[in-house]
Amino acid sequence: MYYYLCASLPMLKFGETPPWSLEDFEEAARAALTEKDFSEFQTLSLMPDAHEPPPHTFGARYRAWEIGLRNRLARRRANDLGIAPEKFLREEADFFSELDAVVQSLVVHETPLGREQALDLARWKAVEQLAALHDFDLDAVLAYKLKLALLCRAAERKAEQGMAAFETLLEKIQEPKP
């Protein structure tokens, strides 16, 4: 059904500049998808809180993976801070064995940007795995949207802005308390 849309999409490669914006892709999808599928397309997001997708869909599987990742990150941060993680955790709908290794691998990255890039790569790989064997259907279109969103988000990151934000935080920490 979605063969022509999927076949015409520019190839996405992790770490490269996105070939088009999310808005442009949304317009192309609007013309190709049914109303029901386009509604699912619009609500799909990298953020698990944005919308709860219908069960047993690509969106639901990705949301479960992202919640699992965030729970493991919350446990790690809580452990580092010596606090109980329970109030930061969300119910997990599924188990993904690779998530512990993803979180453990973050320690090799010295910068927050390096850790964000590693997390984005893990998300990219998860999207590819969740959409495996879906080349010309709605799952392929939804996977493409998430991968494009990852590329667009990475393209928006600017080293100068990150350093400015870091320096602002550092100044706040170093200010003497009255």
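## D120 and its salt bridges

In this predicted model, D120 is buried, with a relative accessible area of 2%, where buried means under 20% relative accessible area, exposed means over 50%, and partly exposed covers what lies in between (1.4 Å probe, protein chains only). The side chain of D120 meets that of R153 in a salt bridge with an N to O distance of 2.6 Å, a salt bridge being a side-chain nitrogen of Lys or Arg within 4 Å of a carboxyl oxygen of Asp or Glu. Because D120 lies in helix α6 (residues 112-130) and R153 in helix α7 (residues 138-156), this pair ties together parts that are 33 residues apart in sequence. R153 itself counts as partly exposed, at 25% relative accessibility.

D120 also forms a salt bridge with R157, and here the closest N and O atoms are 2.9 Å apart. This pair again links distant parts of the chain, with D120 in helix α6 and R157 in the loop between α7 and α8 (159-174), 37 residues apart. R157 counts as partly exposed, with a relative accessibility of 26%. D120, R153 and R157 belong to a network of salt bridges that also takes in E66, R70, E116 and R123.

## Basis of the model

The structure is a predicted model, in which local features need pLDDT of at least 70 and side-chain atom pairs count only at pLDDT 80 or more, while totals for chains, interfaces and linings use all residues. Residues are numbered from 1 along each chain as its sequence is written, and side-chain values use heavy atoms, with hydrogens and water left out.

## The chain as a whole

The chain has 8 helices and 0 strands, where helices (H or I, at least four residues) and strands (E, at least two) are DSSP runs numbered from the N terminus. Read along the sequence, its pattern is α-α-α-α-α-α-α-α. The C-alpha trace spans about 65 × 35 × 30 Å along its principal axes, and buried residues make up 37% of the 178 residues in the chain.

## A salt bridge within one helix

The structure holds 14 salt bridges, and one of them joins the side chains of E26 and R30, at 3.6 Å from N to O. E26 and R30 are separated by about one helical turn, because they stand 4 residues apart in helix α2. E26 counts as partly exposed at 24% relative accessibility, and R30 is likewise partly exposed, with a relative accessible area of 42%.

## Aromatic rings

A pair of aromatic rings is described by the distance of the centres and the angle of the planes. Rings of Phe, Tyr and Trp (its six-membered ring) pair if their centres lie within 6.5 Å, and planes under 30 degrees apart count as stacked, over 60 as edge-to-face and the rest as tilted. By this rule the count comes to 6 aromatic pairs. One of them is formed by F25 and F41, which is edge-to-face, with 5.4 Å from centre to centre and 65° between the planes. The pair links distant parts of the chain, since F25 lies in helix α2 (residues 22-32) and F41 in helix α3, 16 residues apart. Both F25 and F41 are buried.

The rings of Y62 and W65 have their centres 6.1 Å apart and their planes at 25°, so this pair is stacked. Y62 and W65 both lie in helix α4, 3 residues apart, or about one turn of the helix, and Y62 is buried, as is W65. Elsewhere, ring pairs link W20, F25, F38, F41 and Y144 into a cluster. K145 lies over the face of F41, at 4.6 Å from the ring centre; a charge sits over a ring if NZ of Lys or CZ of Arg is within 6 Å of the ring centre and within 35 degrees of the ring normal.

## The cavity

The structure holds 1 cavity of 30 Å³ or more, a cavity being a set of points, on a 1 Å grid over the protein atoms alone, where a 1.4 Å probe fits but cannot get out, with lining residues having an atom within 4 Å of a point. The largest cavity has a volume of about 100 Å³, the volume being the space filled by probe spheres set on the points. Among the residues that line this cavity are E40, H51, Y62, R63 and L142. The elements that give two or more residues to the lining are α3 (35-43) and α4 (58-81), and α4 gives the most, with 3 residues.

Definitions and conventions: 1 Å grid on protein atoms, 1.4 Å probe; cavity = no way out; pocket = protein on both sides within 12 Å on 5 of 7 lines; lining within 4 Å.
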